[in-house]
Amino acid sequence: MSDIEARTGGKVLVDQLLIHGADCAYCVPGESYLEVLDALHDVRERFTLYNARHEAGAADMAEAYGKLTGRPGICMVTRGPGACQAAVGVHIAYQDSTPMILLVGQVGRDTMDRESFQEIDYRQMFAPVAKWAAQIDSAARIPEYMARAFRVATSGRPGPVVLALPEDMLTDVVRVADARPYSPSVPALTADDAAAVMAALAQAKRPLLLAGGPGWTDAGAAALLEFATANRLPVATSFRRQDLIDHRSDVYVGDFGTGVAPSLVKRLAEADLLLVIGARLGEITTKTYATLSVPTPAQTLVHIHVDANEIGRVYSPALSAVSGPDAALAALTAQPATPAEDGWRAALRDEYLADSEPPPHDFPLDMGQAMAEVRDLIPAGAVITLDAGNHTGWAQRFLRYARPGRQIGSTCGSMGYAVPAAVAASLEDPQRQAIAFVGDGGFMMSGMEIATAVQHDGRPIVLVFNNGTYGTIRMHQEREHPSRISGTDIASSDIGKIAEGLGAAHARVTKTAEFRPALLAAFEHAGPTVIELITDPEQISTRTTVSRLRGR
């Protein structure tokens, strides 16, 4: 191996990132991985390092990058506190099935197992929330570990990988061959399986297609629309996967999210066949496993998922197959169509259209009406990022989605996600508009990442729903303990000064008519904009008010 260049472990690692197609990483720097940072200095023309303001923000940015691109988002943090704060992004990536690699600087090998400064065993810490967690103790094995990390993160059901990097390992000088570029392993639907699915559809009178999960490309989403249209299938989406199908199409009938329409829940009960492609049938999508009978649904369940372990995990299907969504739609569209009776689809479509029109309110700022007014102004390729909270109901119920536009939100309900996700989207493609939906509580958790956008020339728009309360918890509190407010009020903060101090433009909106011009001005602004929306806590969600919850 004398003809192989001698390199530090840090240099070997950076070379592997480039070999496997990584073009950026999100980080908070730390002394435990200085050799990696130094090696990145030499490849600045090929690799961009975005230094975030908090490790949770860096991890959320990497996770959002993974959602947007289908490639592993790379996050780098230091040991101990850095890794602990990045754990939130790993948890999101695990529950959302997002490819991600977290690289954690670790204590030196000669001080391990002594509870040395900031020491944690990351294999134990991340085992429950990562697809694979390991530590690289030999610099000569970095190519092996990194190749495996990329494959594990992207193969089957995607997810996060965590690799700990002892700081002295990164300074070791070794001669080692590079790995070949990775390629993910994704199962594909066979022609026989596709024919069996079509035979089941042919027998159904009231079929419903539920699309969701990871791994969809724009081409796969287009094939879904083609398949549903040819077979006259009503299509719903799982929680926060609304961008999988064009909402302007007559086959789209709504989403099974936190604010699912009562009419759609009723229609699910009436369906005689449920074709699930890509979705896990998790807790939110099934309203805590209540809308489908466990373990055997009343409907004929046909479940296609990329991970065999997810099929039958809760619900026993009548027919199942293991396949990635794109491959599944390629096989299904190749089959002769068996169009269903169109009256069923048409009824569901009419109910969706009625539900997506905002009911009348007399609030000074009615976000339902505002969303309806601007939904056609939002650029077709825009990325909408969603935080945790009831405020996201307005974007989920009243906006329209279609690829290449994207809806990016944490299905595990992590507060503070929307701002760093919008920053990542803006940096990943500066020509595409990113719009974050976040409450005043979530904004105070991660709003400082606007400074990351300013530093690296991003221009996200951040909509802050300011109602002085943790809205979702307040809603549950009012339902279970009416008028007994405890812990859910938030002290007022000057959002405008915070935004301007971080380098963003700011607009304060108090009336419905003010929202449209504020958004149009933000589209034209060259940098980030924060639009503060002063909403009434009485309008606690798109479907109810505090007074109704209190029984008044």
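In this predicted model, helix 1 and helix 6 cross in a right-handed sense. Two packed helices are described by the angle between their axes and the distance between the axes. Here the axes of helix 1, residues 9-19, and helix 6, residues 142-154, come within 9 Å, and the crossing angle is roughly 35°. On the helix 1 side the contact involves Gly9, Val12, Leu13, Gln16 and Leu17. Helix 6 contributes Ile142, Pro143, Met146 and Phe150. By class, the residues of this contact comprise seven nonpolar and two polar, with no charged residue.

The strands form an open sheet of six, ordered 3-2-4-5-7-6 and paired in parallel. Strand 3 and strand 6 are the edge strands, each pairing on one side only. Ignoring direction, neighbouring strands of this sheet are turned against each other by 20° on average.

Strands of the sheet and their residue ranges:

| Strand | Residues |
|---|---|
| Strand 2 | residues 24-27 |
| Strand 3 | residues 48-51 |
| Strand 4 | residues 73-77 |
| Strand 5 | residues 100-106 |
| Strand 6 | residues 132-135 |
| Strand 7 | residues 160-166 |

Opposite glutamine 135 stands alanine 164, a residue of strand 7.

Helix 3, residues 55-69, lies across strand 2, strand 4 and strand 5. Relative to strand 4, helix 3 runs at about 165°.

How values were computed:
Residues are numbered from 1 along each chain as its sequence is written. This is a predicted model: local features need pLDDT of at least 70, side-chain atom pairs count only at pLDDT 80 or more; totals for chains, interfaces and linings use all residues. Side-chain values use heavy atoms; hydrogens and water are left out. Axes are lines fitted to C-alpha atoms, for helices over the stretch in contact, and angles run from 0 to 180 degrees between N-to-C directions. Helices (H or I, at least four residues) and strands (E, at least two) are DSSP runs, numbered from the N terminus. A crossing is left-handed if the near helix is turned anticlockwise from the far one by less than a right angle, and right-handed if clockwise. Contact means heavy atoms within 4.5 Å. Ala, Val, Leu, Ile, Met, Phe, Trp, Tyr, Cys and Pro count as nonpolar, Asp, Glu, Lys and Arg as charged, and the others, Gly among them, as polar. Two strands pair if DSSP finds at least two bridges between them.
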